[in-house]
Amino acid sequence: MRKILIIGNPNVGKSTLYNSLTKSSEHTGNLHGVTVEEKHKVVKYNDEEIDFYDLPGLYSLNSFSFEEEIARDIILKNNAEKIMLVDANSLRKNLYLCLQFLELNIDFKIYINNYDYFKKYKNNLNIEKLENKLNIKCQIINVKKIKINDLDLKISEKHNNFIDFQKNSINLCNYLSKYIKIIKNKYNIDEKTIILALNGVFKDLNKEQIDFIKSLYPDLIFDRYRVIDDVLQDVMTIQKNFVYGLNRADKIILKPVVMTVGFLLCFFASIYLIFFLIGPLIGDGLSYLVNFLLINPFMNFLYSVSSNIWLIEFFSNGVFSSVLTVLSFLPQVCLLFIFLTLLEDSGLISRMAYVFDDFLSIFGLNGKAIYIMLLGLGCNTVSTLATRNMNEKNLRIKTVLLNPYISCMARLPVYVVIASAFFGAKAYFVVTGLYLVGLLVALIVGYVLNKTILRTENNSFILEFAPLRSVDIKHVLNVGKENAIDMMKRIFFIVLGVGVIVWILSHTMFNLSYTSTITDSILFYLADKISFIFAPIGLNSAGIVSALIVGIMAKELLVSTFSISNNVSSIGALITSLSISTSVVHFNLASAISFLVFTLLYCPCVSNLAIIKKEIGTFYMWFAIISQFTIAYLLSFIIYNSIVNSFFYAIIVVMAIVLILSLVIYLIKKIRSKKIACMFCSKNCKK
Amino acid sequence: MSLSEVKLNAQAVIKEINIADTKIKIRLMELGLNIGTKIVVKNKSIMKKTMLVVFNATCFTLKDNLAKEIVVNYA
């Protein structure tokens, strides 16, 4: 099967091209570093199968960030055909990577995107001359409209001769011989190793050799750009004042006050529209439709064929109530993703990153964290992966660790349900307040980490500005559709699956017989045994504790567990039941606020934990679990006790706990440092 | 004079790049920032710690701590 890699600088349209060619709907955005891992899909083309790969963007083979490293490794280790997508508006910079490919004698074709924008500003590009100068096939395309048949995908005879270091036919890379000679004069290294090293790939070289070769980079880069300028001299004319990325509107948008006030207004207005106005209307309609078309006919059928209470209860409460309560929030989820896509596609995120960079630097972060946080509003797992476009290790770890404090979509149902139950018309302010608390805690955690164990050594923040673009409504709606499908999958595989298990555990006694009294069940017995831990924060009910445990799997399960426990099958009934003291799960005002804060902060979900472990290691995964639980517990303690006792009492207790914890950590550190010292001692050490 | 001292919208030419961190220096050079490159500071953030610079007709963000290490002349 043919494999074709789509390669290019960040934000040139690789994922859009991939989506057009493979009819996929991978995440795209008008921003640097949207794709952080490779994706591939097989499509049929002229009776043959082609496996297209979408790679993260890279400026150079000399990788600067983790995502560039991924792309570089796939390019160099994969004997596949290569498509280089370049942006006509920043051709000079894009040709740098092309030249590195020519140095390695990698065969590829060049596709030029965004040519319309380039022409609109009266710039000119002679494609034939460019082809002749580079000796590479070039084609102008529009990645949004291209079809697989429009591309010249004839198989190349040369592509198998991967890295054979024959001289390029037009001697574009002659400057290399100078560097090869310098290195050979000093070290006995073969030509292949040298050329790879000159492109940032170091194999079988010692530190001294690597340092020496790296010291040649500035001159080498200068020579590469000299060749690129020679090529472009007769090929391209650019208008004197042409700037790609900046727009006239930026004079207003980039004012910090305009950006901050504009963003906050847009965000809070969107939250109101999505969760308290349009969303619930569509959600209620959807619930009614599902009830009318599916649940009612099925339950009527069940009543007619069986009188088994266990079976009827299982379907009405175990299956349908858990699904229906989460399904009601499907429109809200889609609408929020549409809002995020509008921000991404318009090019506003890179502007936000720039404007907020100063502010975020105070907390040891940089502007890129804005994109991570916005993605986190949708799903923390996705945003954890997106940290791959950060080049500094500590900065990346810090961003991953504070990311779960940003409220994801899955937590919203529980906010809306509890806030509606206890705050009525003021629920909106409670929900937006929770978002702000999450953000505030994330920033404080970032600040503390930056001052203690994860100091940012080099906060460079070099970001290419994305141009402002009109939004493609078709694409935005498509994102909404894709997220709806994604959430449906989550509902059916996670919410339904775990919901059924929760129902069984909450309706089964230890002798494995059915019980309609939930308080007699296995789940409640176990939850009751550990509920004393949550007594100081007002959550010592077995129903609440079991929901919190189940919620670690996925936060959507909190609401579905409540509805199973309280034996209700609609959002309205659930909201009413939560304030009734005879319900299995019920709150008072103090415990409701405590629960909301605890849910906001207490633990990343299982899928996010798996990604945290994969991305930054087991130690930091446990660090995330323990630190989040501690912070959630202490903050809930302060809030709950401030309401039921006094703020002074709450603060004194929390300060005492923090003091004891600090002392324990200090002692552990001391003991560990002694052990490490002993490892380096002589055999006679008696410590 | 360093790049951070350049007035907004005035064209400057890079004379020296003295950025101590080699990795960042190399990356900026790979993006096309080199000796002789014409550069314009388009905007500065509120705390003047980050700036928007344009070179080779493309717009980038640049931290002031790096801009301080780039020596320029007015064009």
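In the predicted model, Ala12(B) stands opposite Tyr74(B) of strand S5(B). The two strands concerned, S1 (residues 11-17) of chain B and S5(B), pair in the antiparallel sense over five bridges. Pairing requires at least two DSSP bridges between two strands. Helices (H or I, at least four residues) and strands (E, at least two) are DSSP runs, numbered from the N terminus. Residues are numbered from 1 along each chain as its sequence is written, while chains are lettered from A and ligands numbered from 1 in the order in which they are written. Because the model is predicted, local features need pLDDT of at least 70 and side-chain atom pairs count only at pLDDT 80 or more, whereas totals for chains, interfaces and linings use all residues.

The sheet of chain B is open and antiparallel, with five strands in the order S4-S3-S2-S1-S5. Its edge strands are S4 and S5 (70-74), and each pairs on one side only. From one strand to the next, the twist averages 45 degrees. Helix H14 (residues 348-361) of chain A packs on this sheet and touches S3 and S4 of chain B. Axes are lines fitted to C-alpha atoms, for helices over the stretch in contact, and angles run from 0 to 180 degrees between N-to-C directions.

The contact between the chains takes 30 residues from chain B and 36 residues from chain A. Residues are in contact if their C-beta atoms, placed from the backbone, lie within 7 Å. On the side of chain B that touches chain A, helix H1 (22-30) and strands S2 (38-44), S3 (50-55) and S4 (58-63) each supply at least two residues. H1(B) gives the largest share, eight residues. By class, this side of chain B has 14 nonpolar, nine polar and seven charged residues. Here Ala, Val, Leu, Ile, Met, Phe, Trp, Tyr, Cys and Pro count as nonpolar, Asp, Glu, Lys and Arg as charged, and the others, Gly among them, as polar.

Chain A has an open sheet of six strands with mixed pairing, in the order S2-S3-S1-S4-S5-S7. Strands S2 (39-45) and S7 (138-140) stand at the edges with a single partner strand each, so one side of each is left without a neighbour in the sheet. The twist averages 25 degrees from one strand to the next. Strand S1 (residues 2-8) runs parallel to S4 (residues 81-87), joined by five bridges. Five bridges also join S1(A) to S3 (residues 48-54), again in parallel. Leu5(A) stands opposite Lys82(A) in S4(A), and its bridge partner in S3(A) is Tyr53(A). S2(A) and S3(A) run antiparallel and are joined by seven bridges. Lys41(A) has Phe52(A) as its bridge partner in S3(A). The S2(A)-S3(A) hairpin has two residues between its strands, and Asn46(A) in the turn has a positive phi of about 50 degrees.

Further along chain A, the axes of helices H26 (residues 606-616) and H27 (residues 618-644) come within 7 Å and cross at roughly 140 degrees. The contact involves Leu609(A), Ile612(A), Lys613(A) and Ile616(A) of H26(A), with Thr618(A), Tyr620(A), Met621(A) and Ala624(A) of H27(A). Six of these residues are nonpolar, one is polar and one is charged.

Lys451(A) is found in helix H19 (residues 427-451). The C-alpha atoms of Lys451(A) and Pro536(A), 85 residues apart along the chain, are separated by 31 Å.

Notes. Contact = placed C-beta atoms within 7 Å.
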